[in-house]
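Have the structure open while you read.

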Amino acid sequence: MHAADARRTVGAVMLRADSTIDFAKTRWSLGGLLFGRWALARGRTVYKPRWRSGRMAALLAAQLHRPLAVLELDRRLLWVYRDRFYWDDECLGERDVEALVADRERRSRRRLERAHALLAAESGGAESAAAGREGIVLEVKRRVWERCSGRCVECGSDRLLEFDHVIPLALGGSNGERNLQLLCAECNRAKGDGL
Ligand SMILES: [Zn+2]
């Protein structure tokens, strides 16, 4: 596994979101009778259990308020909560899933706020940020470069490196050595994109 991939997985290792699976209506005929049921499906693969429309509607309503385990596959449980699916391979309880999803949402929100701050700093309205960027003294750059061994701290690449403010200038971060790190252009963009 790529080092950056491993790092990205750590935060979400207890609960993995899955956007490739969804509820789908399935139909089949048996002895001349046509049956219709709802089931979980990924591409052409349809899983059991299958639910009648009434049960499906109840399930969809309930998952808005609490996590529901809807499928067991390869010793993993699939939870549905607020219209999203999550795999759990650690036998989590309903409360655990609720807490972990809340934590994910909090982190997403922080990343989003940070991305907005970065954007604001990059486009106009951020003379202080522009001035600040010029303000990184050469000696500080040299020390940051040495500390990071001339490589991106996220993926280890030594190409297209940029000096990144750990805490953005717009959020009160400084040009001090400890607030700077090396990121390659790609990782820097990914950091800004957040999600
Ligand atoms: Zn990188």
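Q: Which residue stands opposite Trp-79 in strand 7?
A: This is a predicted model, so take the pairings as computed. Strand 6 (residues 76-81) and strand 7 (residues 84-88) run antiparallel and are joined by five bridges. Across that pairing, the residue in strand 7 opposite Trp-79 is Tyr-86.

Q: Which strands stand at the edges of the open sheet, each with a single partner strand?
A: Four strands form this open sheet, paired antiparallel in the order 1-7-6-5.

Q: What does the twist average from one strand to the next?
A: The strands in question are the four of the open sheet, ordered 1-7-6-5. From one to the next, the twist averages 30°.

Q: Is Arg-82 buried or exposed?
A: Arg-82 sits in the loop between strand 6 and strand 7. Its phi is positive, about 50°, although it is not a glycine. Arg-82 has 12 of them, so the call is exposed.

Q: Where is Cys-91 placed, and is it buried or exposed?
A: Cys-91 is another residue other than glycine with a positive phi, near 50°. Look for Cys-91 in the loop between strand 7 and helix 3 (94-122). With 9 C-beta neighbours inside 10 Å, Cys-91 counts as exposed.

Q: How many of the nine residues of strand 2 are buried?
A: Buried residues make up 13% of the 195 residues in the chain. Strand 2 (residues 22-30) is hardly covered, and its count of buried residues is zero.

Q: Which residues does the cis peptide bond join?
A: Look in strand 4 (residues 45-51), the place of Pro-49. Omega is about 10° for the cis bond, which joins Lys-48 and Pro-49.

Q: How far apart in space are Gly-135 and Asn-175, C-alpha to C-alpha?
A: Gly-135 lies in the loop between helix 4 (127-134) and helix 5 (138-147). It counts as exposed, with 12 C-beta neighbours inside 10 Å. Gly-135 and Asn-175 are 40 residues apart in sequence, while their C-alpha separation in space is 6.9 Å.

How values were computed: Residues are numbered from 1 along each chain as its sequence is written. This is a predicted model: local features need pLDDT of at least 70, side-chain atom pairs count only at pLDDT 80 or more; totals for chains, interfaces and linings use all residues. Helices (H or I, at least four residues) and strands (E, at least two) are DSSP runs, numbered from the N terminus. A residue is buried if 20 or more other C-beta atoms lie within 10 Å of its own, exposed if 12 or fewer, and partly exposed in between; C-beta atoms are placed from the backbone. Two strands pair if DSSP finds at least two bridges between them. Axes are lines fitted to C-alpha atoms, for helices over the stretch in contact, and angles run from 0 to 180 degrees between N-to-C directions.
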